[in-house]
Amino acid sequence: MPNYEKPKTSPEELKEVEKKEVIFYDNKSIFEKMSDKAKKIASAVYEGVYQMPVANRIVGKMEIAYNQKIIDIYDKKMAKRKNKLDAIDYCLNILRQQRKNCLSSKKELEKEGVPGTASLEIQLKKIAQQKEEFLNKRDKIQTKFEAKENKRDLFIEKRDAVAKKLIDYYEEKLKPYEQKLESFNKEKARWEQLLQETELRHQNIEQRLKELEDKKTHLEELYKKMGWSERKIKHVESTKEIEKYVAGKRKQLHLERESIEKEILKNQKKISKLETKVNPYLDKKQAFIRVTERQKIDYKVKKRERGTRREEETREEETEEEEIREEGIEEEEVETEEKLGMEEEKEKVFEKEPEFALKEVINKWNNYLKEEHSDVFKTYGIDELIFAKESGLKLDKNFKISEWNRLMKEYLNLYQQVDEEKINNFIKDFNKKLSLGMEEEKEKVFEKEPEFALKEVINKWNNYLKEEHSDVFKTYGIDELIFAKESGLKLDKNFKISEWNRLMKEYLNLYQQVDEEKINNFIKDFNKKLSK
Amino acid sequence: MSNNDDKEKEIKEYEEEIKSLMAENDKEMNEVIESYRKINEGYKNLNEEIDKTINDFDKTAGELDKMDQEAEKELDDLILENINEEVAEEEEEEE
């Protein structure tokens with residue numbers, strides 16, 4: 001836990017954690033029982049919460065629970081174990097290869113009647129022993145890895161449950177107030193609208209009152225022309241009446257309008273008071289949602305099937321021996337030379353799948369999009385740094401195109417619902433452009449490839465699985481109708497094997513995370529059988 | 001004399017015209033006043049409803065605060081236990 005190994009918190013500051021009551025009162029007993037190291041880590045973790053207002057402390061604690069620092073406590077240990085597992089797997093692969101070579105040499109010696117197979121037997125035993133040791137070690141590490149993973153997942157599950165309960169409660173409690181605030185604002189807008197219309201009519205009345213005042217002046221002039229004195233005119237009933245009327249109406253309108261103004265002011269204050277009360281809780285709810293959107297790392301460690309791994313290992317060994325036996329038989333069958341030639345050539349094509357550094361292929365992909373489909377660059381373009389962070393892979397690591405295709409699709413699906421058909425077409429086109437030179441070579445080989453109707457090859461594949469790998473038939477078996485529907489292809493259409501292999505892998509990947517290595521081995525074996 | 005009669009007649013007619021203008025204005029005035037009163041009443045009711053909502057929310061805020069405290073306690077539990085267990089495990093491994 002490098003993040004916590006040297007916390008800045010001093011013993012004095014540790015006491016502050018208790019004094020400031022940052023940790024919930026009931027939990028203080030847990031805190032008190034903790035070792036000094038754990039206390040130091042806890043106070044470092046809680047450091048930011050000290051400055052938070054009490055009302056917002058829950059957001060701070062939620063942030064702590066969702067902070068990668070806390071998950072790192074598990075992740076770092078898991079990563080260490082994952083590295084060990086990878087190292088053991090690497091050694092196991094070497095041992096597997098050594099065993100295969102030994103078996104092959106032994107077969108060769110036996111065939112030619114040359115003595116010396118006994119020493120090879122000893123070597124094979126030694127390999128088996130080493131393999132056993134590695135497998136035992138692997139079991140122990142995997143158990144620890146899984147225990148840590150389970151603990152992490154349990155922590156995440158509990159944490160998510162707390163967050164969900166809180167968010168749901170906030171949703172339930174705040175929804176009526178959100179609705180009320182909305183309806184209050186709507187009603188306010190309705191009154192404002194009516195007020196605006198009424199004020200326009202008010203202005204018209206004011207215009208008329210001015211007109212009346214003008215008419216009063218004109219009337220006074222008419223009296224003047226009749227020779228009336230100013231004093232006498234002032235006492236004329238009609239002019240007095242006009243004056244009283246205008247002043248009275250103006251005052252009445254002013255009082256009515258003023259009374260509304262008072263209510264409007266009250267209304268502004270009240271809405272603001274309500275918002276001041278409700279908004280912090282709405283903000284808190286949003287903060288909870290934002291915090292909970294952080295995701296955990298998936299190490300993609302193959303799940304162990306307890307009790308069956310040894311059987312799998314044995315089966316693997318038997319397959320290796322069978323392969324070596326078959327290779328020997330094949331060598332003797334001169335008439336199958338042509339087919340074998342094709343098979344080998346195809347193997348070469350498989351092996352030749354070009355590899356690119358992650359950084360390079362992302363760059364090529366982005367350039368391809370910019371040149372060919374600039375309109376969707378924003379959607380399908382990839383940021384190498386985010387990609388590396390999300391996948392946990394190094395930018396200079398080499399990848400086969402097929403592997404990269406899978407990773408990229410996973411990455412794009414993380415952030416948005418991608419158009420499956422569109423992205424598949426882009427990938428096809430991109431791959432073609434990327435491996436143009438290799439493609440030509442492939443074409444030459446594929447020309448020799450036999451073709452099968454889709455229905456026929458699906459049938460053969462299912463039969464192959466039932467006969468050879470019935471335990472995984474449920475996972476890798478193909479329903480011809482669903483396949484035809486998903487791929488949009490007709491069942492009676494003819495396909496080259498390589499094309500079918502690609503389609504099938506795409507189809508299987510649609511529904512589940514397939515074991516890439518396993519499926520490649522099955523395909524190789526199936527193709528071999530099919531071309532025979 | 002007839003000139004003055006004409007002027008008086010003109011004044012009378014003018015006063016009649018003003019009276020009818022005032023009557024017409026009264027009708028419009030009543031509508032505007034009615035509208036102002038309606039708006040005033042509308043705002044008053046709205047304000048009363050907001051007051052009621054503010055009072056109701058005080059209770060809800062109390063419930064939310066209580067929920068915050070519960071969640072805070074549960075999170076403290078989780079975080080502290082998590083640190084405690086992992087550090088204890090580490091210390092054990094170191095020994």
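Trainee: What does the secondary structure of chain B come to?
Mentor: One helix and zero strands, where helices (H or I, at least four residues) and strands (E, at least two) are DSSP runs numbered from the N terminus. This is a predicted model, where local features need pLDDT of at least 70, side-chain atom pairs count only at pLDDT 80 or more, and totals for chains, interfaces and linings use all residues. Residues are numbered from 1 along each chain as its sequence is written, with chains lettered from A and ligands numbered from 1 in the order in which they are written.

Trainee: OK, and how many residues does each chain put into the contact?
Mentor: Chain A gives 70 residues and chain B gives 53, with contact meaning C-beta atoms, placed from the backbone, within 7 Å.

Trainee: Which residues does Ile79(B) touch?
Mentor: Leaving out residues up to four places away in sequence, Val45(A), Ile64(A), Ala65(A) and Ile70(A).

Trainee: Switching to α4(A): why is it called largely enclosed?
Mentor: Because eight of its 11 residues are buried, meaning 20 or more other C-beta atoms within 10 Å of a residue's own, all placed from the backbone. Among them are Lys39(A), Lys40(A) and Tyr46(A).

Trainee: And what share of chain B is buried?
Mentor: Buried residues are 25% of its 95.

Trainee: Which residues touch the most other members of the largest nonpolar core?
Mentor: Among them are Ala42(A), Met62(A), Leu75(B) and Ile83(B), out of 37 residues in that core. Such a core is a set of buried Ala, Val, Leu, Ile, Met, Phe, Trp, Tyr and Cys residues joined through C-beta atoms within 7 Å. Its largest share, nine residues, comes from α1(B).

Key: A residue is buried if 20 or more other C-beta atoms lie within 10 Å of its own, exposed if 12 or fewer, and partly exposed in between; C-beta atoms are placed from the backbone. Two residues are in contact if their C-beta atoms, placed from the backbone, lie within 7 Å.
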